[in-house]
Amino acid sequence: MPPSPQMQKRKKNQIFEAIQGVGLDPRGFEFEDSDADVRLKHKWSKSYFIFGGDAGHYLGRYVVGDGPDWPYEVYSWQPLMTRVSGWLKDVKLDLDTPDLWAAAGRG
């Protein structure tokens, strides 16, 4: 896949607003926009979302917490943002879910 130009400010802002929209703090994420792809990484978990491509064809992968690596492919910005928003909701759920077994072991 050819390198993509860096992301437009408007699109970066949509991702920033999506993070806020699920109740997370954007400062808890690392945002890296390179010529090859965009990487959004949660700083205090193993969660990340990566995508590359262009306006007509995005593909990448994501992980929530210690879950599996999920590949995906979409064909425009809006379905990509739907994926990002779903990933963010899952990250928030993962962060808000206590580890009952670990708590019981400390108990």
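This briefing describes the fold, the strand pairing and the charged side chains of one protein. The model is predicted, and its secondary structure comes to three helices and five strands, which follow one another along the sequence in the pattern α-β-β-β-β-β-α-α. The C-alpha trace spans about 55 × 25 × 20 Å along its principal axes, and 36% of the 107 residues count as buried.

**Strand pairing around β4**

- Strand β3, which covers residues 48–54, pairs with β4 in the antiparallel sense over seven bridges, and these two strands form a hairpin with two residues between them.
- On its other listed pairing, β4 (57–63) runs antiparallel to β5 and is joined to that strand by five bridges.
- The hairpin made by β4 and β5 has six residues between its strands, and Gly 65 in this turn has a positive phi of about 55°.
- Leu 59 takes part in both pairings, being the bridge partner of Gly 52 and also having Glu 73 in β5 as a bridge partner.

**Salt bridges**

- The count of salt bridges comes to five, among them the pair formed by Lys 12 and Asp 33, whose closest N and O atoms are 4.0 Å apart.
- Because Lys 12 lies in helix α1 (residues 9–21) and Asp 33 in strand β1 (residues 29–33), this pair ties together parts that are 21 residues apart in sequence.
- Within that pair, Lys 12 is partly exposed, with a relative accessible area of 31%, whereas Asp 33 counts as buried at 14% relative accessibility.
- Another salt bridge brings together the side chains of Arg 27 and Asp 25, at 2.7 Å from N to O; here Arg 27 counts as exposed at 65% relative accessibility, while Asp 25 is partly exposed, with a relative accessible area of 36%.
- The side chains of Arg 39 and Asp 37 also meet in a salt bridge, with an N to O distance of 3.2 Å; Arg 39 is partly exposed, at a relative accessible area of 33%, and Asp 37 counts as buried at 14% relative accessibility.

**Negative surface patch**

- Asp 66, Asp 90, Asp 94 and Asp 99 form a negative surface patch.
- Of these residues, Asp 66 is placed in the loop between β4 (57–63) and β5 (70–74), the turn that also holds Gly 65 with its positive phi.
- Asp 66 counts as exposed because its relative accessibility is 69%, and the cut-off for that class is over 50%.

Notes. Residues numbered from 1 in each chain as written. Predicted model: local features only at pLDDT ≥ 70, side-chain atom pairs only at ≥ 80, totals over all residues. Heavy atoms only, no water. Patch = residues over 30% accessible without salt bridge, like charges linked within 9 Å, V, L, I, M, F, W, Y side chains within 5 Å. Areas by Shrake-Rupley, 256 points an atom, 1.4 Å probe, with all protein chains shown as cover. Lys, Arg positive; Asp, Glu negative; His and termini not counted. Charge placed at Lys NZ, Arg CZ, Asp CG, Glu CD. Helix = DSSP H or I, 4+ residues; strand = E, 2+ residues; numbered from the N terminus. Buried < 20%, exposed > 50% of the residue type's maximum accessible area, 1.4 Å probe, protein only. Pairing = 2+ DSSP bridges.
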